[in-house]
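Colleague: I'm new to this one, could you walk me through it?
Modeller: Gladly, have a look at it here and then ask away.

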Amino acid sequence: MKKDAYYTSGQFAKKAHVTLRAIRYYDKQNILKPSARTAAGARLYTDADLAKLQQILLLKYLGFSLEDIREMTLAAADQQYLLESMRIQKKLLRQKMDEMQAMDEAIDRTIEAIQTEQAIDWNSMLDLIHLTAVERSLKNQYQNAANISARIRLHREYSVNPQGWFPWIMQQCNLQPGMRILELGCGNGALWTENREQLPADLWVVLSDKSEGMLKDARRALGEDSRFSYKKFDCGKIPYEEEMFDLVIADHVLFYCEDIPQVLAECRRVLKDEGRFLCSTYGKQHMWEITDLVQQFHKEIVLSAEVLYERFGLENGENLLAPYFPEIQMRRYEDAIEIAEAEPLISYILSCHGNQNQLLLNQYKEFREFVSARVADGFHITKDAGIFLCRK
């Protein structure tokens, strides 16, 4: 590195093996701005900019548009965000390699069939089309993984309750040997990976999600474990017979469902007599300080297109559950977040499902400074979450 810690545009382009024209274009499109400029206005770049450029080039290779990349690399200057992003990119590359290997094998089989005048396995060729469609979902997989990582990190590292959410949820499950369990919307399997040592040996657990990418993450995290199987489906139509399970778990899932009554009816249907349904959600006070913070910076920011607790929350959940379950208990998880660092909080904000990323694209530096100033002396965030434990 040069002693002044900066590269000129030419030096930066040469080091990154890209054209000077590309560097200028990324600056113009607000994808990669220089860290500084000379008195004459010449661009100056740092090694941190080089790390962000690596992200841009890799995401471009994976097929994302520059507009997608602009949003996805918004906080790339933050080290923890960059680290998590690199881990996710590595998983996407591994997935793409697996897909390319499958395509290579399908083409080899087709070539052999043609050469030996055998019938061509057109199902294999159709698999190639399917894999192309799967590749188009990489953006959603990247964003889902990045969002989950950001949320888990904020809660795991800055919550005041030392037990943690997933161990608390598992405690409420009261698992017994021989139980048959279905989890809806399992995500990356964190409920099970964080409690693995406490699980009975004799269990049959079906982890389900509508995202194939999430199921792959859960399968990788749990490895070879005969207690677990994986199934992709929408929880509005559970593909199992009546009275199959002792316990159905829906951890922060119901408020995302289009037809909540239909999902609840399905959960009741697949539960055995006296079986239990555990579902978690938020209350209206949950993390309200974050919404207040971002709206102080920009009053038009909305962190969620829908107010999730109004669809299914601690305040109205019992009324929604009552037609399906005669016995319902609500249990609150006592916790809060105390934080004095900006980056984890910003990563969480960027992971939300609202309009914040679009509104912050051209003001990220100012937003980061604003959040840093607000949390410097400590920042308290209310957590208002809990479960409903129902019996059929």
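Colleague: Leaving aside neighbours within four places in sequence, which residues is Ser9 in contact with?
Modeller: Keeping in mind that this is a predicted model, Ser9 touches Leu20, Arg43 and Tyr45 once its neighbours within four places in sequence are left aside.

Colleague: And is Ser9 buried or exposed?
Modeller: Ser9 counts as buried, because its relative accessibility is 12% and the cut-off for buried is under 20%. As for where it sits, Ser9 is found in helix α1.

Colleague: Which helix does α1 cross, and at what angle?
Modeller: Helix α1, residues 9-16, crosses helix α3, residues 47-61, at roughly 50°, and their axes come within 11 Å. That makes α1 oblique to α3, and the crossing of the two is right-handed.

Colleague: Which residues meet there?
Modeller: From α1 there are Phe12, Lys15 and Ala16, and they meet Asp47, Asp49, Leu50, Leu53 and Leu57 of α3. Sorted by class, the residues of this contact are five nonpolar, three charged and no polar.

Colleague: While we're on α3, what about Leu59, buried or exposed?
Modeller: Leu59, which lies in helix α3, counts as buried because its relative accessibility is 0%. If you want a reference point for it, the C-alpha atoms of Leu59 and Thr73 are separated by 9.5 Å, and these two residues are 14 apart along the chain.

Colleague: Changing topic to strands, in what order do β1, β2 and β3 form their sheet?
Modeller: The order is β1-β3-β2, in an open sheet of three strands whose pairing is antiparallel. The edge strands, each pairing on one side only, are β1 (7-8) and β2 (36-37).

Colleague: How many bridges join β1 to β3?
Modeller: Two bridges join β1 to strand β3, which covers residues 43-45, and these strands run antiparallel. To place this on the chain, Thr8 stands opposite Leu44 in β3.

Colleague: Now strand β10, how many of its residues are buried?
Modeller: Strand β10, residues 379-391, has 10 of its 13 residues buried, so it is largely enclosed by the rest of the structure.

Colleague: And how does β10 pair with β8 and β9?
Modeller: Strand β8, residues 271-282, is joined to β10 by seven bridges, with the two running antiparallel, and the bridge partner of Tyr282 in β10 is Ala385. Strand β9, residues 327-339, also pairs with β10 in the antiparallel sense, over 13 bridges, and here Glu334 stands opposite Asp384 of β10.

Colleague: Back to helices, at what angle do α12 and α15 cross?
Modeller: Helix α12, residues 288-297, and helix α15, residues 342-350, cross at roughly 90°, with axes that come within 12 Å. That makes α12 roughly perpendicular to α15. The contact is made by Ile290, Leu293 and Val294 on the α12 side and by Leu345, Tyr348 and Ile349 on the α15 side. By class, this contact has six nonpolar residues, with no polar and no charged ones.

Colleague: One last thing, how many helices and strands are in the chain, and what share of its residues is buried?
Modeller: The chain has 17 helices and 10 strands, and 48% of its 392 residues count as buried. Among contacts between residues at least 6 apart in sequence, 77% join residues at least 24 apart.

Conventions: Residues numbered from 1 in each chain as written. Predicted model: local features only at pLDDT ≥ 70, side-chain atom pairs only at ≥ 80, totals over all residues. Heavy atoms only, no water. Pairing = 2+ DSSP bridges. Helix = DSSP H or I, 4+ residues; strand = E, 2+ residues; numbered from the N terminus. Axes fitted to C-alpha atoms, helices over the stretch in contact; angles between N-to-C directions. Parallel < 35°, antiparallel > 145°, perpendicular 65-115°, else oblique. Left-handed = near helix turned anticlockwise from the far one by under 90°. Contact = heavy atoms within 4.5 Å. Nonpolar A, V, L, I, M, F, W, Y, C, P; charged D, E, K, R; others polar. Buried < 20%, exposed > 50% of the residue type's maximum accessible area, 1.4 Å probe, protein only.
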